[in-house]
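Please read them alongside the sequence and the coordinates.

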Amino acid sequence: MAKPGASSSDSTPPPAEMNLTEEVATVSEVVSDVRANVERVIVGNTAVIEHVLTAMLARGHVLLEDVPGVGKTMLARAVARSFEGEFKRIQFTPDLRPADVTGVNVYNQKHEAFEFRPGPVFANVVLGDEINRAPPKTQSALLEAMEERQVTVDGKTRTLPDPFTVIATRNAVESDHAYDLPMAELDRFMKTLRLGYPEEAEEIDMLDRTIGEHPIERLDPVAPLDELRHARAVTAEVSVVERVRAYATDLARYTRDRVPLGLSPRGTLQLLRAAQARAVLDGRDYVVPDDIKTEAPVVMPHRIRTGPESTPDEIVREALSTVDPE
């Protein structure tokens, strides 16, 4: 049975002789090490950290949406530093151009030829900071990169590094000089996450850690890129039986039957991929309905548009409480 999301273009299948159960256990340990490393910087929010890591295992991208100052950018930096890869940050501003993201061809007078200078999107982990500050034309420069892992400039297509993950932040408070994210872009984010304010004890702990040198400056990688690539390959092999696939489809159809814009087929696929990664996190080589239930609240709502009588979060909760996983 073909596994959801398995593709020769974005993953390398594990060797045929490997024991998948053992490989999943190994990957689960690696993810646990990375999570512990990130928690040296980010106090609390263990569930959010796990969601970011499972998105990376599932070859997805993450949108962090919240008020300023709760650690969105720091979380993205901590995750990126935990892997031994190239990290680039793009500060989205109203005057940012598409070429500032993807790169540009520059004429070299010495060689009498144009040379391509890659933009910051050519990295393993790309932080798009305050992505809604840039106009739609600049935001659209990410669409091809996020979906196809490639960039086309002046008619020539170039492949992005493998692995490639976008972690974007969105300022959810200030509307001045900000733009809405088009649905075509939102649908390319596997998950939308919110950190929220810390509990009192967590905030005190955070102040204690950061009052001097910030721990992000001392954070070392704990997993090389090869391990992340292998972890993604193992995740893609996790079994998703027909009953679980039908459950995800029924959830999608429930939303489509009740709101103007329900979950897209891409959203259903992303939900299954996220569930595969959740199974790996729990040390299993197969997906169960509870994996779908854990991932649905962060994978589905941002892909749904409702009328004034309800919100996307309410529709997802209604679907999970109504649709029978059996």
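1. A residue counts as buried under 20% relative accessible area, as exposed over 50%, and as partly exposed in between. The model discussed here is a predicted one. Arg258 has a relative accessibility of 44%, so this residue falls in the partly exposed class.

2. Where does Arg258 sit in the chain? The residue is in the loop between α10 (242-256) and α11 (265-281). In sequence, Arg258 and Thr306 are 48 residues apart; in space, their C-alpha atoms are 8.4 Å apart.

3. On the overall fold, the protein chain has 13 helices and eleven strands. Its radius of gyration is 20 Å, close to the 20 Å given by the globule rule for 326 residues, so the chain is as compact as a globular protein of that length. Along the principal axes, the C-alpha atoms fill a box of roughly 65 × 55 × 50 Å.

4. Of the contacts with a separation of 6 or more, 79% are between residues 24 or more positions apart.

5. How far apart are the mean positions of the positive and negative charges? The protein chain has 38 positive and 54 negative charges, and their mean positions are 5 Å apart.

Terms used. Residues are numbered from 1 along each chain as its sequence is written. This is a predicted model: local features need pLDDT of at least 70, side-chain atom pairs count only at pLDDT 80 or more; totals for chains, interfaces and linings use all residues. Side-chain values use heavy atoms; hydrogens and water are left out. Helices (H or I, at least four residues) and strands (E, at least two) are DSSP runs, numbered from the N terminus. The radius of gyration is taken over C-alpha atoms; the globule rule is 2.2 Å times the number of residues to the power 0.38. Contact means heavy atoms within 4.5 Å. Lys and Arg count as positive and Asp and Glu as negative; His and the chain ends are not counted. The place of a charge is taken as NZ of Lys, CZ of Arg, CG of Asp or CD of Glu. Buried means under 20% relative accessible area, exposed over 50%, partly exposed in between (1.4 Å probe, protein chains only).
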